[in-house]
Amino acid sequence: MLILGLDPGLGTTGWGMIRADGNRLSHVANGQIRTDASMPLPRRLALLHGAIVEVIRSHQPQGAAVEEVLGNSNAQSTLKLGQARGMALLAAAQAELVVGEYHPSIVKKAVVGTGGAAKEQVQAMVARLLPGVKLAGADAADALAVAITHAHHLASAKAMLRRAV
């Protein structure tokens with residue numbers, strides 16, 4: 001199963017595609033989508049949406065996962081992050097993908113083992129879990145971590161269903 005992970009941001013949205021075969025994971029692709037801060041907000045959102053749609057069209061994932069918004073003290077920044085996240089959710093929904101949504105602490109715990117892990121620890125574990133990966137940047141690493149989290153959750157859910165039958 002191909003899984004698309006998205007780490008939304010208005011300035012930079014990270015994306016990562018992995019293949020999950022049971023507990024075996026492999027890297028397919030990753031990248032970062034950047035928007036120009038000098039552009040009007042509606043244009044930036046449209047560019048972000050279009051780029052995510054293109055990633056989905058190019059790679060044809062069977063599932064997607066998006067990181068939830070981590071609120072901060074700047075309400076304006078949180079709102080813009082939420083709008084970028086909305087574009088990610090919209091693109092996945094338009095492609096009729098089932099989308100998992102994960103809080104950043106859940107992603108860190110799934111990949112590193114602790115919900116308070118530093119970005120560097122997440123990047124190191126992503127590199128360890130996906131040998132040979134060339135990361136396009138920190139946001140792409142976070143997106144791959146979101147995809148890995150989704151793969152783990154799917155595998156756990158399948159295992160629980162098998163035990164229940």
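These legends go with a set of close-up views of a predicted model.

Local features are described where pLDDT is at least 70 and side-chain atom pairs count at pLDDT 80 or more, while totals for chains, interfaces and linings use all residues. Residues are numbered from 1 along each chain as its sequence is written, and side-chain values use heavy atoms, leaving out hydrogens and water.

**View 1. Here is the open sheet, with its five strands in the order β3-β2-β1-β4-β5.** Helices (H or I, at least four residues) and strands (E, at least two) are DSSP runs, numbered from the N terminus. The pairing in this sheet is mixed; two strands pair if DSSP finds at least two bridges between them. Strands of a sheet pair through backbone hydrogen bonds, either parallel or antiparallel. At the edges sit β3 and β5 (98-102), each of which pairs on one side only. On average, and ignoring direction, neighbouring strands are turned by 20 degrees against each other.

**View 2. Now zoom in on β1, a strand with both faces covered.** Six of its six residues are buried, so β1 is largely enclosed by the rest of the structure. Buried means under 20% relative accessible area, exposed means over 50%, and partly exposed lies in between (1.4 Å probe, protein chains only). Leu2, Leu4 and Leu6 are on one side of β1, with Ile3, Gly5 and Asp7 on the other.

**View 3. Next come the partners of β1: β2, which runs antiparallel to it, and β4, which runs parallel.** Six bridges join β1 to β2, and glycine 5 stands opposite glycine 16 in β2. A hairpin of four residues takes the chain from β1 to β2. On the β4 side there are four bridges, and leucine 6 faces valine 66 as its opposite number.

**View 4. This one shows β4 (residues 63-67) and β5, which run parallel.** Five bridges hold the pair together, and glutamate 67 stands opposite tyrosine 102 in β5. Helix α2 packs on the sheet, touching β1, β4 and β5, and its direction makes about 170 degrees with that of β4.

**View 5. Meet helix α1, with 19 residues (41-59).** From first C-alpha to last, α1 reaches 27 Å, close to the 27 Å expected at 1.5 Å a residue; that expected span is 1.5 Å times one less than the number of residues. The buried residues of α1 are Arg44, Leu45, Leu48, His49, Ile52, Val55 and Ile56. They cover an arc of only 130 degrees around the axis, so they lie on the same side of α1; the arc is that of the directions from the helix axis to the C-beta atoms. Pro42 and Arg57 are exposed, on the face turned away from the buried side.

**View 6. Finally, look at α1 and α2 packing at an angle of about 35 degrees, with their axes 9 Å apart.** Axes are lines fitted to C-alpha atoms, for helices over the stretch in contact, and angles run from 0 to 180 degrees between N-to-C directions. Contact means heavy atoms within 4.5 Å. Histidine 49 in α1 counts as buried because its relative accessibility is 16%. Leaving aside residues up to four places away in sequence, histidine 49 touches Met87, Leu90, Ala91 and Gln94. The C-alpha atoms of histidine 49 and arginine 85 are separated by 9.7 Å, although these residues are 36 residues apart along the chain.
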